[in-house]
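Open the model in your viewer and keep the selection tool handy. Each stop below says what to pick and what is there.

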Amino acid sequence: MSGKFNAFLQNLDKLDRRIIFLIIGLAVLFPLLVPLNLPVEPTGLTRDAFETIHNLPDDATVLISFEYGPSTKPEIHPMAVSVLRHFFARGYKVVVMCLWPDGLFMAREALDEVLNDERFRDLEYGVDYVNLGYRPGNEAVIKGITKSFAANFTVDSKQTDISEIPLMRDIRTVADVDFIFSLSAGYPGAIEWVLYASDPLQIPISSGNASIQVNQLLPYVKSGQMKGVVAGMPGAAEYEALMVEYGLWNTRGEAAKSMDAQSIAHLVIVLFIILGNIAYYAKRKTQKKY
Amino acid sequence: MYNDVFGAWVAVFLTLAIFSYLYKDNPFYKLAEHVYVGVSAAHWATIAFWNQVRPNLFGRLWPHADPETLTGFNVFWYKLYKGLNLISDTVFPENGIPGNQEQSFMYLIALILGIFMLLRLFPSIGWISRWSLAYVVGMAAGLRLYGYLSSDVLSQIQGTILPLWTGNLGESINNIVLIVGVVSGLFYFFFSVEHKGVFGKISRVGIYFLMITFGASFGFAVMGRISLLIGRLKDLIEFSGKEYGYATFVLLIIMVVTILVTSRKDKEVAE
């Protein structure tokens with residue numbers, strides 16, 4: 001038996017990589033078809049972001065910026081929906097803007113999904129929330145709105161003159177908002193918000209990110225420049241769990257449903273790494289022997 | 001409804017076509033790849049023109065104005081615009097670009113620099129485009145310098161000056177790890193001294209910290225990629241239903257059979 005296992009290990013590096021692709025694909029597919037309902041435990045990073053938002057004054061005005069597109073939608077869209085629900089459930093005034101052209105479509109989709117719920121049907125566009133849409137210019141737009149919103153956003157996403165929007169009458173610059181939340185998948189994104197708006201004007205900021213960007217943001221969290229981070233799909237699932245914990249929502253969201261597949265896939269990858277290392281050492285031992 | 005079904009079939013086809021590369025390079029993948037490149041380029045060009053060039057450049061040079069209110073230089077200036085209006089009434093509608101932009105002739109500089117950039121298409125005078133590039137580089141460097149200096153350098157140094165003992169064991173360990181990591185990492189990137197002796201040992205610790213950082217980054221990258229796979233598979237599951245005409249199953253069977261048949265034929269030709 002040990003001889004067979006040893007032979008298997010010796011030949012592991014000759015394994016067709018397509019078999020690995022297939023196993024990973026099946027490991028992701030099965031939990032999507034048969035949900036396992038694995039528990040989701042919120043981490044400190046997500047809890048910090050959630051509690052910072054939750055503890056804002058009741059009459060707070062918040063700015064949420066969409067900096068992601070369809071390619072990172074599976075990760076960031078669930079957190080966009082949860083954060084918007086959180087804002088509206090707390091009664092905050094919400095200013096939506098986009099630094100990515102695709103962000104406008106994502107923002108519209110997220111707003112439609114959230115406002116479709118009967119709890120938020122009474123919210124009035126222009127009074128309770130506004131979608132300013134996309135403006136090109138990356139960090140120059142952020143820098144611009146530290147001086148004037150009206151100079152950078154003459155009209156909103158519905159082509160309404162910004163001076164005719166009641167919500168924007170008291171918001172002349174980004175310094176007039178109480179909190180910034182950046183839904184970020186890269187450049188321009190959360191880092192630019194910290195550099196050009198949050199740090200210079202001392203506006204509290206948090207971010208929901210694609211997994212790949214999280215490592216770049218952790219130093220800002222550690223130094224206190226950013227109030228927690230909602231990190232990738234697990235972060236989104238944790239945020240959904242916190243919404244349930246605080247009684248603001250009552251069902252598992254899309255991210256939590258996807259976490260079963262994520263967890264199983266990670267488990268399979270870890271097993272592959274362990275197996276690959278055992279095979280490597282077994283082969284090296286054999287080569288040394290001869 | 002028909003639009004949704006058609007969209008679902010296109011989405012399923014493109015997803016499966018891209019996934020088919022995992023088996024081997026094939027015409028489906030090539031088609032999807034070329035469609036992606038073409039559509040992305042067109043999408044970005046369109047978005048850039050309608051959201052950036054038209055409102056922010058032409059809109060500030062020729063904002064919508066009542067012809068009867070025009071005075072002085074603007075009378076001549078809007079006569080030039082009429083020329084543009086003759087080229088395209090959609091892009092340059094009568095009496096100026098709609099919106100509420102204020103007129104600013106400063107944007108003529110941007111227009112000229114933009115035209116310079118396009119001169120790259122003519123090799124003999126393409127060198128003029130370097131002036132535009134110089135402006136972009138200078139502006140970006142100036143804009144970013146302050147931000148990075150303040151937030152990435154000063155605030156991060158401030159964030160590293162931490163007490164080694166805070167009264168809380170866990171927090172103290174975190175602080176010690178952070179300080180050791182930063183200092184040893186800086187030692188590793190100091191190349192003016194040979195990395196041996198005590199210096200070499202500290203820089204080696206820095207390497208370990210860097211390796212852990214790269215490992216964490218790789219872990220996050222894997223997590224992100226799996227999330228994207230989950231997103232695509234969710235769509236494939238959704239579009240496999242009757243309301244979408246079993247798009248996933250039908251296209252999967254067609255593509256698998258086609259790829260296997262062409263693979264076999266290729267093998268026979270090679271033999």
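**Stop 1: the domains of chain A**

The C-alpha centres of domain 1 of chain A and domain 2 of chain A are separated by 40 Å. To see them, select 2-37 plus 260-289 for domain 1, then 44-251 for domain 2. Domain bounds come from an automatic or database domain assignment. This is a predicted model: local features need pLDDT of at least 70, side-chain atom pairs count only at pLDDT 80 or more, and totals for chains, interfaces and linings use all residues. Residues are numbered from 1 along each chain as its sequence is written, and chains are lettered from A and ligands numbered from 1 in the order in which they are written.

**Stop 2: H10 against H11 in chain A**

Select residues 232-245 of chain A for helix H10 and 254-289 for helix H11. Helices (H or I, at least four residues) and strands (E, at least two) are DSSP runs, numbered from the N terminus. The two axes come within 8 Å and cross at roughly 135°. Axes are lines fitted to C-alpha atoms, for helices over the stretch in contact, and angles run from 0 to 180 degrees between N-to-C directions. H10(A) and H11(A) are therefore oblique to each other. Angles under 35 degrees count as roughly parallel, over 145 as roughly antiparallel, 65 to 115 as roughly perpendicular and the rest as oblique.

Now show the contact residues. From H10(A), they include Met233(A), Pro234(A) and Glu240(A). From H11(A), they include Ser258(A), Met259(A) and Gln262(A). Two residues are in contact if their C-beta atoms, placed from the backbone, lie within 7 Å. By class, this contact has 8 nonpolar, 2 polar and 1 charged residues. Ala, Val, Leu, Ile, Met, Phe, Trp, Tyr, Cys and Pro count as nonpolar, Asp, Glu, Lys and Arg as charged, and the others, Gly among them, as polar.

**Stop 3**

**Stop 4: a cis bond**

Zoom to the peptide bond from Tyr187(A) to Pro188(A). This bond is cis, with omega near -15°. Pro188(A) sits in the loop between strand E4 (179-184) and H8 of chain A.

**Stop 5: where the chains touch**

Show both chains. Here 39 residues of chain A are in contact with 35 residues of chain B. Which helix of chain A gives the most to this side? Select H9(A), which supplies 6 residues. By class, the side of chain A that touches chain B has 21 nonpolar, 10 polar and 8 charged residues.

**Stop 6: chain B**

Chain B has 8 helices and 0 strands. Its radius of gyration is 30 Å, well over the 18 Å that the globule rule gives for 271 residues, so chain B is more spread out than a compact globule. This radius is taken over C-alpha atoms, and the globule rule is 2.2 Å times the number of residues to the power 0.38. Select 105-161 for domain 1 of chain B and 163-224 for domain 2. Their C-alpha centres lie 34 Å apart.

Finish at Asn95(B), in the loop between helix H3 (73-87) and helix H4 (107-118) of chain B. Phi of Asn95(B) is near 70°, a positive value in a residue other than glycine.
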